[in-house]
Amino acid sequence: MNSRKLAYTAIFMAVGVLSAHLVYIPIGIAKCFPLQHVINILLAVLLGTRYSVSAAFGISLLRNILGTGSLLAFPGSMVGAALAGLVYKKTNSIWGAIIGEVIGTGFFGALLAYPVAKYFIGSQAGAFFFIIPFLVSTVGGSIIAYFLYKAKVMNYLYENLGLAEKRKFNR
């Protein structure tokens, strides 16, 4: 593993954990966190699926330990991160990562949240209850991620990670 990639993943995780209590949308028992989706997409594009999913797990775990998240963060963030990374790898497009994140979190993650909510939290919400809140969160985060991806700060990240040629190809 590349230590620089691990360091960037840790920085993204720190941003995710520290901003969790500042930016979230409470909807029922869920705390929708659009910055998680920004992080999922940017890490999937910059570093790949493994780093994106690892960061999603780490952020979810730390948010739960600190009391700023819920158990629903695990299925939502991790499935979205995985699909964002996989679709990005196939398409080499920011739009592929965004579509993977929205479908992964908004649909698959939301459906996987149902058993977590029912058996671990004791919620009586139906299986499709989480789709709308998860979609709101992931679409909002995806829009932010798109604009950050187009920003000049991403050029710095690509260059610092030694991926400048990849950035030119994906523009």
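This is a predicted model: local features need pLDDT of at least 70, side-chain atom pairs count only at pLDDT 80 or more; totals for chains, interfaces and linings use all residues.
**Ser142**

The relative accessibility of Ser142 is 4%. I noted Ser142 as buried, because the cut-off for buried is under 20% relative accessible area.

I then checked where Ser142 sits and found it in helix H6, which covers residues 131-150.

Which residues does Ser142 touch, leaving out those up to four places away in sequence? I wrote down Ile41, Ile98, Glu101 and Val102.

**Ile65**

I turned to helix H3, residues 49-66, and picked Ile65 from it. Is Ile65 buried or exposed? I found a relative accessible area of 61% for Ile65, so I put it down as exposed, the cut-off being over 50%.

Next I looked up the surface patch that includes Ile65. The patch is nonpolar, and I listed its other members as Phe57, Leu61, Leu62 and Leu66. Together the residues of this patch have about 470 Å² of accessible area.

**Ile25**

I went to strand S1, residues 25-27, and read off Ile25. The relative accessible area of Ile25 is 32%. I recorded Ile25 as partly exposed, because that value falls between the cut-offs of 20% and 50%.

Last, I checked Ile25 against Pro133, which is 108 residues away along the chain. I noted 8.7 Å between the C-alpha atoms of Ile25 and Pro133.

Technical notes
Residues are numbered from 1 along each chain as its sequence is written. Side-chain values use heavy atoms; hydrogens and water are left out. Patches are made of residues with over 30% relative accessible area and no salt bridge: like charges are joined within 9 Å, nonpolar side chains (Val, Leu, Ile, Met, Phe, Trp, Tyr) within 5 Å. Accessible areas come from the Shrake-Rupley method with a 1.4 Å probe; for residues, only the protein chains shown count as cover. A salt bridge is a side-chain nitrogen of Lys or Arg within 4 Å of a carboxyl oxygen of Asp or Glu. Helices (H or I, at least four residues) and strands (E, at least two) are DSSP runs, numbered from the N terminus. Buried means under 20% relative accessible area, exposed over 50%, partly exposed in between (1.4 Å probe, protein chains only). Contact means heavy atoms within 4.5 Å.
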